[in-house]
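Let's take a walk through the side-chain contacts of this one.

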Amino acid sequence: ACCDFGVGHTNNEILRQKYGVNKIMEFQYTGNTASFLSSNPKKPWYMLNRTMSLNTTFMDMKDKKILFPKYDECEVVCRHILSVYEEYTSNQSGGSKVFRKNPNIPDDFAHAINFAYTGMRRLRGLLPIDYNKDEF
């Protein structure tokens, strides 16, 4: 199972105890300055660059590498995906892309898909990992 490290960490720990450490893959989002995916052997979760990973997941949806049922069959969860939008910010060193969400619509399913897709790519060896020896 791929899970969010944040608020769900306590529930994830229950899953880890029931199913084993190797069956649960937790992700904690990081900012734009971090590598795509990193890990610290002392910690049981991965650090995942929020912007890079969402961008990859959304582009792969667009390129039909991730398929969904017809919209009317999954409208509720599709609204979660459509709640997320890109915003470009500029500063003296250039600009950057960030993902924001509509404050009136949940985005939980968008992040669940992002974690699941990232986990699948990691398990298939399609996604390299940076091992960070520093504390998170």
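Start at phenylalanine 58, which is buried, with a relative accessible area of 16%. Keep in mind as you look that this is a predicted model. The ring of phenylalanine 58 pairs with that of phenylalanine 99 in an edge-to-face arrangement, with 5.5 Å from centre to centre and 65° between the planes. That angle counts as edge-to-face because it is over 60 degrees. Phenylalanine 99 is also buried, at 6% relative accessibility. In chain terms the two partners are distant: phenylalanine 58 belongs to helix H2 (residues 50-62), phenylalanine 99 to strand E6, and 41 residues separate them.

How many aromatic pairs does the structure hold? The count is 6. Ring pairs also tie Phe27, Tyr29, Tyr46 and Phe115 together into a cluster.

Go back to strand E6 and look across to strand E5. Glutamate 86 forms a salt bridge with lysine 97, and the closest N and O atoms are 3.3 Å apart.

Arginine 100 and glutamate 87 make another salt bridge, and here the closest N and O atoms are 3.0 Å apart. This one also links distant parts of the chain, running from arginine 100 in strand E6 to glutamate 87 in strand E5, 13 residues apart. Both ends are partly exposed: arginine 100 has a relative accessibility of 36%, and glutamate 87 has a relative accessible area of 28%. Elsewhere, salt bridges that share partners join Glu13, Arg16 and Glu26 into one network.

Then there's aspartate 60, which bridges to lysine 65 with the closest N and O atoms 3.8 Å apart. That pair still makes the list because the cut-off for a salt bridge is 4 Å. What about burial? Aspartate 60 is buried, with a relative accessible area of 10%, while lysine 65 is exposed at 57%.

Last stop: the cysteines. How many disulfides does a search of the whole structure find? The answer is 0. Take cysteine 3 to begin with. The closest cysteine sulfur belongs to cysteine 2, and at 7.0 Å it is too far for a bond. Cysteine 3 counts as buried, at 10% relative accessibility. Cysteine 74 is in no disulfide either, and its nearest cysteine sulfur, that of cysteine 78, is 3.2 Å away. Why doesn't that pair of sulfurs count as a disulfide? Because a disulfide needs the two sulfur atoms within 2.5 Å, and the sulfur of cysteine 78 is 3.2 Å away from that of cysteine 74. Cysteine 74 itself is buried, with a relative accessible area of 10%.

Note on methods
Residues numbered from 1 in each chain as written. Predicted model: local features only at pLDDT ≥ 70, side-chain atom pairs only at ≥ 80, totals over all residues. Heavy atoms only, no water. Salt bridge = Lys/Arg side-chain N within 4 Å of Asp/Glu carboxyl O. Buried < 20%, exposed > 50% of the residue type's maximum accessible area, 1.4 Å probe, protein only. Helix = DSSP H or I, 4+ residues; strand = E, 2+ residues; numbered from the N terminus. Phe/Tyr/Trp six-rings, centres within 6.5 Å; stacked < 30°, edge-to-face > 60°.
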